[in-house]
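This report looks at salt bridges, a helix pair, a surface patch and backbone angles. Please keep the sequence and the structure in view while reading.

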Amino acid sequence: MLLIKMNNQDFSQAQRQSWRGLILFFSISLKNIIKALWPAIILLLLKQNSLDDSQLYLIWFAIAFLFLLIVANTVMYFMNFYFYIKESELIIEKGFFKKVKIIIPLDKIQSINTKQSILQQLLKVVSLEIDTAGSSQKEAKFISLNRETAERLQGLLSEYKGSKYETPESQLSESSIHEKTILKLNFWDLFKIGLSENHLKSLLVIYLFLSGIYQQLKDLFSNRIEDATNQAGGILENSGAVFITVLLIISLLLLIAFSVFMVILRYYNLQFTRQENAFLLKSGLLNKKDILLPYSKIQLISWNSNPIRKLMDFVSVHITQASNIDLNKKQAIIIPGCNKTHLERIKNEIFINLQDESWTTHKSHNMFFIRLWVIRIFILSILLILIIPDYWETYIFVCFWIIISGVFTYFSYKKRFLKISKNYLQISKGCIGKELSMMSNYKVQMLKLNQNFFQKRRKTATVTIYTSGSKKLIIPYLQENIAYDLYNYLLFVTESTERNWM
């Protein structure tokens with residue numbers, strides 16, 4: 001029986017969010033309007049001297065009327081939003097013109113996470129988001145709960161899930177009784193992570209942002225924007241090599257600084273702890289986020305590195321949970337900077353008695369190397385020869401590409417292997433970097449064994465493992481007998497186990 005009364009707070013009684021939410025609701029509505037109308041607002045500010053008094057009065061009247069509408073909508077929305085728990089169901093009632101009633105069975109809840117923006121920090125309230133199985137949207141979202149209320153509601157719902165889906169792992173582990181800190185990242189850790197980030201991705205983000213602003217302003221100030229663009233282009237054309245080199249170095253440093261800044265914003269004060277029935281990840285500076293991950297939802301963990309991270313001796317860890325594709329991307333558990341000690345702690349907390357496992361390693365057949373190399377050669381080489389066949393440089397580049405692609409393909413082949421034990425499975429892949437994934441054998445959702453004409457001749461096969469965490473693991477070109485043994489063993493484990501896996 002679910003206890004719906006915690007610390008003198010009775011969730012069986014209908015209650016509203018915190019009154020501070022009035023300010024938050026109003027700011028959200030105002031932000032959405034400004035976001036939609038900001039070009040017109042800028043134009044109005046620049047053109048106000050050319051407007052007569054009647055036009056100004058009309059504009060100010062429209063602004064005042066819009067302001068009153070936002071205030072009225074905020075108050076009505078807040079006053080008509082209720083939530084309570086009744087008979088193992090979370091019930092939400094909202095709306096004033098159109099009444100909406102949402103009923104969420106507690107046993108369908110997949111995750112309960114909290115977030116806190118900078119405004120919510122000032123108002124001392126938090127957001128609480130509830131996801132359920134089979135939905136790509138947030139089933140319930142409270143944006144203005146007191147911290148105490150949010151923690152009690154989160155704890156109550158997690159307690160229900162823990163008692164409903166308790167796993168043998170949580171029963172066997174002695175460390176699950178008390179909260180245990182697995183790792184914390186300090187400022188120096190975040191700085192190193194920022195240096196190892198994909199700076200091309202940061203460049204793309206900056207470009208898309210500036211491009212959006214440019215297009216908006218171009219529609220309003222086309223002549224001025226074009227003049228400024230032409231002047232900037234003229235300065236670059238007339239500049240010397242030294243100026244351009246200095247400009248590129250400064251741009252690179254700013255790009256690295258932007259990557260470091262974004263990492264600090266997202267992962268500031270990151271803490272990964274283990275509680276009684278779940279893991280808890282806390283991180284964020286301006287937007288704080290608390291993600292609660294029940295043990296039973298963990299499908300697999302992956303850790304990857306690139307040359308810079310390998311030099312700094314740390315990896316990035318991703319924990320995949322059971323959910324659909326959209327939610328899994330939004331609620332990804334990412335720990336960007338783990339050294340070897342941190343990684344071993346995480347693996348030992350998630351996988352019980354891992355050190356006692358006996359592992360067998362299997363590599364892909366050498367035909368995987370040949371097939372991958374041939375594909376990489378032909379795709380680019382044929383395109384170049386068809387498009388620009390009359391230049392001798394094309395054929396030199398093709399020869400050069402054959403050698404380079406061979407080197408990269410060899411790295412991919414060497415890093416592709418499978419390790420399996422009685423209870424766990426580990427798969428490695430990569431080229432310049434390396435990614436390893438590990439999961440419990442009984443958490444396989446679906447298996448597929450493929451064997452094309454060429455594989456039959458070479459007696460090889462490809463096994464694909466699907467998980468409920470929207471991620472699939474591919475083991476290409478295994479020896480035929482090993483592929484069938486793997487397929488049959490994993491199928492036997494998944495069908496015979498009585499353990500809950502999500």
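Arg147 is partly exposed, with a relative accessible area of 27%. The class runs between two cut-offs: buried means under 20% relative accessible area, exposed over 50%, and partly exposed lies in between (1.4 Å probe, protein chains only). Glu151 is also partly exposed, at 44%. Arg147 and Glu151 form a salt bridge, with the closest N and O atoms 4.0 Å apart. A salt bridge here is a side-chain nitrogen of Lys or Arg within 4 Å of a carboxyl oxygen of Asp or Glu. Both residues lie in helix α4 (residues 147–164), 4 residues apart, about one turn of the helix. Helices (H or I, at least four residues) and strands (E, at least two) are DSSP runs, numbered from the N terminus.

The model is predicted: local features need pLDDT of at least 70, side-chain atom pairs count only at pLDDT 80 or more, and totals for chains, interfaces and linings use all residues. Residues are numbered from 1 along each chain as its sequence is written, and side-chain values use heavy atoms, leaving out hydrogens and water.

## Salt bridges across the chain

The whole structure holds 8 salt bridges. One of them joins Glu129 and Lys141, at 3.6 Å from N to O. This pair links distant parts of the chain, 12 residues apart: Glu129 sits in strand β7 (residues 125–132) and Lys141 in strand β8 (residues 140–146). Glu129 is buried, at 5% relative accessible area. Lys141 is partly exposed, at 44%.

Arg274 pairs with Glu349 in another salt bridge, with the closest N and O atoms 2.3 Å apart. Arg274 belongs to strand β10 (residues 271–274) and Glu349 to helix α12 (residues 340–350), so the bridge ties together parts 75 residues apart in sequence. Both Arg274 and Glu349 are buried. Elsewhere, salt bridges with shared partners join Lys115, Glu129 and Lys141 into one network.

## Helices α13 and α14

Helix α13 packs against helix α14 (residues 392–414) at an angle of about 155 degrees, with the axes 9 Å apart. That makes α13 roughly antiparallel to α14. Roughly antiparallel means an angle over 145 degrees. Axes are lines fitted to C-alpha atoms, for helices over the stretch in contact, and angles run from 0 to 180 degrees between N-to-C directions.

## A nonpolar patch

A nonpolar surface patch covers about 1,100 Å². Its members include Ile370, Val374, Phe378, Leu386 and Tyr391. Patch residues have over 30% relative accessible area and no salt bridge, and nonpolar side chains (Val, Leu, Ile, Met, Phe, Trp, Tyr) are joined within 5 Å. Areas come from the Shrake-Rupley method with a 1.4 Å probe; for residues, only the protein chains shown count as cover. Phe378 lies in helix α13 (residues 366–387). Phe378 is partly exposed, at 48% relative accessibility.

## Positive phi angles

Most residues other than glycine have a negative phi. Asp313 has a positive phi, near 65 degrees. Asp313 is in the loop between α10 (307–312) and β14 (315–321), and is partly exposed at 43% relative accessibility.

Lys459 also has a positive phi, about 55 degrees, although it is not a glycine. Lys459 is in the loop between α15 (453–458) and β21 (460–466). Lys459 counts as exposed, with a relative accessible area of 54%.

Definitions and conventions
Patches are made of residues with over 30% relative accessible area and no salt bridge: like charges are joined within 9 Å, nonpolar side chains (Val, Leu, Ile, Met, Phe, Trp, Tyr) within 5 Å. Angles under 35 degrees count as roughly parallel, over 145 as roughly antiparallel, 65 to 115 as roughly perpendicular and the rest as oblique.
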